Amino acid sequence: MARKRRGLKVDGWIIVDKPRGMTSTQAIGKTRRATQAAKLGHGGTLDPEATGVLPMALGEATKTIPYCQDATKVYEVTVRWGQATATDDAEGEVIETSDHRPDATAIAETLPAFIGTISQMPPLFSALKVEGQRAYDLARRGETPDLKPRDVRIEAISHRDSPDADHSRFEVTCGKGTYIRSLARDLAVALRTVGHVADLRRTRVGPFTESMAICVDKLAEYGNETPPFGALLPVETALDDIPAFAVTETQASLLRQGQTVEVPETSNGTVQVRHDRNLVALGEVEEGILRPVRVFNLMEK
């Protein structure tokens with residue numbers, strides 16, 4: 001007999017503003033306690049020392065997490081020039097120094113080389129798995145993880161300002177899998193110095209922005225209801241970039257049972273399937289046939 005999941009059936013997204021010093025797992029725990037949700041996950045890990053947007057998927061929204069993880073992200077990052085650290089951020093010990101400090105002209109001339117698809121070596125202290133172990137666990141034991149470079153996509157990077165000679169602030173728009181710590185490290189090397197991330201804040205994940213975000217420690221106080229339904233965004237918020245496709249009641253019933261339906265003269269690709277205003281499924285259209293990929297169990301509006 002299947003074990004019944006404890007907690008409430010809550011479906012939707014809550015956008016957490018993760019504070020510095022908290023892990024993404026700890027943020028999940030706080031959100032779970034505040035919402036009492038039976039099922040919960042997050043849409044993209046943030047380093048403990050990073051702050052900002054951490055989308056939390058509750059209930060049926062967890063089925064849309066891959067679309068959130070694949071979404072474009074925006075970061076505000078402060079780079080500390082002249083010091084390389086073991087972790088490529090301010091938490092690690094300094095392993096190399098340089099007296100050279102880049103000026104605005106040099107930065108402007110160098111940034112275009114980091115826009116587009118670039119090859120990036122992940123930080124030694126990262127959550128990537130190497131032969132079944134986390135890279136950071138190996139690095140903490142004094143071992144060197146056998147990491148491989150990988151291609152990532154940087155859509156835009158702009159130099160905001162340099163408050164002093166040791167620091168410069170940037171805004172970075174990037175794709176899935178980008179390590180901002182690696183970007184800061186490599187940018188410093190290209191500028192004939194060394195550097196690390198001194199401060200990092202994520203301001204957007206796909207359709208989720210910091211204006212939607214709520215301090216995780218304030219969740220329990222949000223609104224007059226428990227769980228904080230006033231903070232809940234619809235499941236389909238994560239699917240804004242996916243075209244909607246309307247089906248009949250009969251077609252919706254078939255799709256919910258895992259069956260395909262004919263949709264002649266419909267373009268191939270992924271669609272969010274709707275009946276009236278209700279999200280029925282995520283589906284794939286191929287040669288006039290709509291196949292359900294993810295079916296949602298949501299209360300009708």
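D276 is exposed, with a relative accessible area of 63%; exposed here means over 50%, buried means under 20%, and partly exposed lies in between, with a 1.4 Å probe and protein chains only. I start there for the backbone. D276 has a positive phi of about 55 degrees although it is not a glycine. For background, most residues other than glycine have a negative phi. The place of D276 is in the loop between strand 17 (269-275) and strand 18 (278-286). Helices and strands are DSSP runs, H or I of at least four residues for helices and E of at least two for strands, numbered from the N terminus.

Before going on, the conditions. This is a predicted model, in which local features need pLDDT of at least 70 and side-chain atom pairs count only at pLDDT 80 or more, while totals for chains, interfaces and linings use all residues. Residues are numbered from 1 along each chain as its sequence is written, and side-chain values use heavy atoms, with hydrogens and water left out.

Now the overall numbers. The protein chain has 6 helices and 19 strands. Of its 301 residues, 48% are buried. Take contacts, meaning heavy atoms within 4.5 Å: among those between residues at least 6 apart in sequence, 69% join residues at least 24 apart. The chain exposes about 15,700 Å², and carbon and sulfur atoms supply 47% of that. The areas come from the Shrake-Rupley method with a 1.4 Å probe, and for residues only the protein chains shown count as cover.

Next, helix 1, residues 24-35. At 1.5 Å a residue its 12 residues should span 16 Å, and the end C-alpha atoms are 16 Å apart, which agrees. The expected span is 1.5 Å times one less than the number of residues. Which residues of helix 1 are buried? They are S24, A27, I28, G29, T31, A34 and T35. In general, an α-helix has 3.6 residues a turn, so residues three or four places apart point the same way. The cover over the buried residues of helix 1 includes strand 1, strand 2 (40-42) and strand 3. Helix 1 is followed by Q36, whose phi is positive, near 60 degrees.

T62 is buried, at a relative accessible area of 16%. Leaving aside neighbours within four places in sequence, T62 is in contact with K39, L40, G41 and A57.

On to aromatic pairs. Rings of Phe, Tyr and Trp, the last by its six-membered ring, pair if their centres lie within 6.5 Å; planes under 30 degrees apart count as stacked, over 60 as edge-to-face and the rest as tilted. How many aromatic pairs does a search of the whole structure find? It finds 2. In one, the rings of W13 and F208 have centres 5.0 Å apart and planes at 40 degrees, so the pair is tilted. W13 lies in strand 1 (residues 12-18) and F208 in strand 13 (residues 208-209), so the pair ties together parts that are 195 residues apart in sequence. Both W13 and F208 are buried. In the pair of W81 and F170, the ring centres are 6.3 Å apart and the planes stand at 90 degrees, so the pair is edge-to-face. That pair links distant parts of the chain, with W81 in strand 4 (residues 73-81) and F170 in strand 11 (residues 167-174), 89 residues apart. W81 is buried at 0% relative accessible area, and F170 is buried at 2%.

F170 also takes part in lining the largest cavity, together with V77, V79, I157, I180, L183, A184 and L187. On a 1 Å grid over the protein atoms alone, a cavity is a set of points where a 1.4 Å probe fits but cannot get out, and lining residues have an atom within 4 Å of a point. The structure holds 1 cavity of 30 Å³ or more. The largest share of the lining, 4 residues, comes from helix 5.

Finally, helix 5 itself. Since 8 of its 11 residues are buried, helix 5 is largely enclosed by the rest of the structure. Its cover includes strand 4, helix 3 (104-110), strand 7 (116-120), strand 10 (150-164), strand 11 and strand 12. Just after helix 5, R192 takes a positive phi of about 65 degrees. R192 is in the loop between helix 5 (180-190) and strand 12 (195-205), and is exposed at 63%.

How values were computed:
1 Å grid on protein atoms, 1.4 Å probe; cavity = no way out; pocket = protein on both sides within 12 Å on 5 of 7 lines; lining within 4 Å. Points joined across faces, edges and corners; volume = space filled by probe spheres on them.
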